[in-house]
Amino acid sequence: VEIKVLGTGCASCRLLYRAAEEAIARSGRTATLSKVEAVEEIMRYGVMTTPALVIDGRVVFAGKVPAAREIAKAISASAVGDGV
Amino acid sequence: MTERLSPALSEALSRADAAAGPPSSLRARRRLLQLLLALATWALVYARLEVLASWLTFGLLGLDRRSSLSAAVEFFLYEAPKVLMLLALIVLGVGIVRSFFTAERTRRALAGKGQGAGNLLAGLLGVVTPFCSCSAVPLFIGFVTAGVPLGVTFSFLIAAPMVNEVALALLFALFGWRVAALYLASGLSIAIVAGMVIGRLRLERWVEPWVHGIDTTAAVSEAGMTWEDRLRLGVVAVKDIGGKVWPFVLAGIAVGAGIHGYVPQDLLAAFMGRDAWWSVPLAVLIGIPLYSNAAGMMPVAQALLGKGAALGTVLAFMMSTTALSLPEMVILRKVLAGRLIAVLVGVVGLGILAVGYLFNVLL
């Protein structure tokens with residue numbers, strides 16, 4: 001699973017990054033986590049409100065910091081969809 | 001506790017049930033009951049704050065009734081819980097209202113709208129659409145590339161920080177509906193007029209060229225929300241915003257208490273009163289580099305007003321601290337040419353000046 005945190009580096013973006021780390025640990029899946037901070041690249045995902053979370057190229061959350069539990073659920077759902 | 005609900009509430013509840021489906025209806029009902037209980041407790045405590053503060057000051061601490069210290073202490077003990085309680089209730093309400101608006105929905109409403117009506121709608125939506133200030137650039141690009149005119153986009157981006165909904169609600173609670181209405185109307189007018197001016201000037205060419213090459217049509221899925229979700233969002237907002245602003249609010253009240261107790265009546269009238277013409281531009285200039293929290297400013301404003309400062313001057317100061325912020329301009333520089341930012345600051349600054357003078361003359 002490939003997870004990206006989109007955000008220009010504000011406080012809530014850092015919060016989301018931490019929540020995503022926790023979510024990966026919770027979900028028990030192997031995942032890569034990275035930050036996307038360039039506005040040009042963020043815009044390519046069609047996101048207007050940051051922070052946003054992208055799982056396997058799909059924007060799952062935008063404009064909020066969801067609980068780690070919710071992110072974990074989304075990670076699991078995405079992994080199942082891939083047939084992993 | 002009996003489960004008696006007012007007709008309006010049970011109607012809202014049954015609608016929530018319909019949206020959430022039967023399994024969660026019981027849980028939703030319990031949540032609503034908790035909310036009602038919390039609101040009742042809030043009202044009971046709130047009604048007794050004044051008595052409590054004066055008892056603490058004169059009864060428990062035994063302070064002299066005529067001293068400056070007791071005036072300051074009583075002000076603090078009354079205002080601190082009052083403002084914090086109001087803030088919690090207001091943020092909860094605002095959080096619930098905001099759950100009905102998303103940036104995507106706002107963009108759809110504004111796309112292709114013309115001058116005038118588009119600016120008005122953009123200003124109104126700017127007040128209620130939730131977004132963090134660090135989203136200003138993505139929002140700007142998303143709007144412009146989706147066909148929202150530049151001027152309309154600016155009305156939205158100016159109104160959002162200018163008319164802070166928490167500040168609005170606190171103004172209403174502390175100063176009455178007249179001041180709150182004036183704040184809303186003047187802030188909206190500035191956003192609308194500034195957006196129209198920018199639209200008229202045809203400044204599209206000053207938007208950095210790469211912006212237009214971006215495709216932002218990839219849609220983000222919008223899940224439906226139940227009333228329970230909305231309430232939860234409200235509670236999250238209270239924790240989030242409350243957790244961030246309470247130190248500002250307490251500091252503001254402490255400063256306010258000092259002013260209330262120790263600054264002689266009408267001392268401020270000389271340099272913050274309506275006769276001091278230079279006080280309005282000075283307030284705006286001081287406000288730009290100063291980043292402050294609107295909620296924290298409110299108790300200071302209240303104390304300043306009580307000592308003879310003019311309302312227009314205080315409002316101008318508040319608006320410039322929140323609407324013209326240096327960090328935001330640095331971020332906007334990424335997508336806007338420097339000249340466009342200068343126009344933006346100029347138009348908004350002039351608008352705030354006009355509001356300051358207008359209030360000082362009218363009130």
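**Figure 1. The surroundings of Gly312(B) in a predicted model.** Leaving aside neighbours within four places in sequence, Gly312(B) is in contact with Gly356(B), Phe359(B) and Asn360(B); contact means heavy atoms within 4.5 Å. Gly312(B) belongs to helix H15 of chain B, residues 311-323. Helices here are DSSP runs (H or I, at least four residues), numbered from the N terminus. With a relative accessibility of 1%, Gly312(B) counts as buried. Buried means under 20% relative accessible area, exposed over 50%, and partly exposed in between, using a 1.4 Å probe and protein chains only. Val280(B) is 32 residues away from Gly312(B) in sequence, and their C-alpha atoms are 7.5 Å apart in space.

A word on reading these views: residues are numbered from 1 along each chain as its sequence is written, while chains are lettered from A and ligands numbered from 1 in the order in which they are written. The model is predicted, so local features need pLDDT of at least 70 and side-chain atom pairs count only at pLDDT 80 or more, while totals for chains, interfaces and linings use all residues; side-chain values use heavy atoms, with hydrogens and water left out.

**Figure 2. The buried side of helix H13 of chain B.** Within this helix (residues 279-287), the buried residues are Ser279(B), Val280(B), Ala283(B), Val284(B) and Gly287(B). They cover an arc of only 135° around the axis, so they sit on the same side of H13(B). The arc is that of the directions from the helix axis to the C-beta atoms. A handy rule: an α-helix has 3.6 residues a turn, so residues three or four places apart point the same way.

Figure 3. Look for Ser155(B) in helix H8 of chain B, residues 150-162. Is Ser155(B) buried or exposed? Its relative accessible area is 0%, so Ser155(B) is buried. The side chains of Ser155(B) and Asn119(B) are joined by a polar contact of 2.9 Å. Such a contact is a pair of N or O atoms within 3.5 Å; within protein, one must be able to donate a hydrogen and the other to accept it, and residues adjacent in sequence count only if both atoms are side-chain atoms. Not counting residues up to four places away in sequence, Ser155(B) also touches others, including Ala122(B), Gly123(B) and Ala191(B).

**Figure 4. Salt bridges.** How many salt bridges are found over all chains? The search finds 3, each a side-chain nitrogen of Lys or Arg within 4 Å of a carboxyl oxygen of Asp or Glu. One of them joins Arg26(A) and Glu22(A), whose closest N and O atoms are 3.6 Å apart. Both residues lie in helix H1 (residues 11-27) of chain A, 4 residues apart, about one turn of the helix. Arg26(A) is exposed at 52%, whereas Glu22(A) is partly exposed at 43%. In chain B, Lys82(B) and Glu79(B) meet at 3.7 Å, N to O, and both are buried.

**Figure 5. Charges over rings.** Here the charged end of Arg230(B) sits over the ring of Phe100(B), 3.9 Å from its centre. In chain A, Lys35(A) lies over the face of Tyr17(A), at 4.9 Å from the ring centre. To count, NZ of Lys or CZ of Arg must be within 6 Å of the ring centre and within 35 degrees of the ring normal.

Conventions:
Helix = DSSP H or I, 4+ residues; strand = E, 2+ residues; numbered from the N terminus.
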